[in-house]
Amino acid sequence: MAKSDIERLLRTIDSRGTFAVRRKVAADTLGLEVKGSGKVELPVSTQTAKRLIAAARPAKHGYKEQTRLDRQVRDTWEIPKSRVKLDQRRWKRTLGPELDAI
């Protein structure tokens with residue numbers, strides 16, 4: 001079921017209340033890899049965390065029309081999207097049934 005289908009179905013609910021759902025899947029059913037760090041197993045071990053830190057860079061933040069690096073505003077690291085690889089087949093196989101259930 002596509003996101004647009006879910007949105008369409010949610011719009012048909014005639015309720016003044018709120019809607020929430022919670023589903024869980026095992027973290028090891030998803031495939032995540034970071035180039036230069038290898039496969040990421042969850043929960044993240046100390047050794048994997050060190051490899052991820054080595055692949056990361058300080059995160060910048062937006063201020064008006066500028067992009068700044070200021071640790072007093074944003075003291076965190078990020079891994080560029082180009083270095084992250086998701087196993088699409090595993091994510092779809094795991095999350096597809098969950099979305100259908102929702």
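Trainee: In what order do the elements of the chain run from the N terminus on?
Mentor: They go α-β-β-α-β-β-β-β-β-α. Keep in mind that this is a predicted model.

Trainee: And how many helices and strands is that?
Mentor: The chain has 3 helices and 7 strands.

Trainee: Which strands form an open sheet?
Mentor: 3 strands do, in the order E2-E1-E7, with antiparallel pairing. Strand E2 (38-39) and strand E7 (84-86) are the edges, each pairing on one side only.

Trainee: How many bridges join E1 to E7?
Mentor: There are 3 bridges between strand E1, residues 32-34, and E7. The two run antiparallel.

Trainee: What stands opposite Leu 32?
Mentor: Leu 86, in E7.

Trainee: Switching topic. What radius of gyration does the chain have?
Mentor: 19 Å. A compact globule of 102 residues would be near 13 Å.

Trainee: What box do the C-alpha atoms fill?
Mentor: Roughly 45 × 40 × 20 Å along the principal axes.

Trainee: How much of the chain counts as buried?
Mentor: 16% of the 102 residues, with under 20% relative accessible area as the cut-off. The accessible surface is about 8700 Å², and carbon and sulfur atoms hold 51% of that.

Trainee: Last one, charges. How far apart are the mean positions of the positive and negative ones?
Mentor: 4 Å, for 24 positive and 13 negative charges.

Note on methods:
Residues numbered from 1 in each chain as written. Predicted model: local features only at pLDDT ≥ 70, side-chain atom pairs only at ≥ 80, totals over all residues. Heavy atoms only, no water. Helix = DSSP H or I, 4+ residues; strand = E, 2+ residues; numbered from the N terminus. Rg over C-alpha atoms; globule rule 2.2 N^0.38 Å. Buried < 20%, exposed > 50% of the residue type's maximum accessible area, 1.4 Å probe, protein only. Areas by Shrake-Rupley, 256 points an atom, 1.4 Å probe, with all protein chains shown as cover. Lys, Arg positive; Asp, Glu negative; His and termini not counted. Charge placed at Lys NZ, Arg CZ, Asp CG, Glu CD. Pairing = 2+ DSSP bridges.
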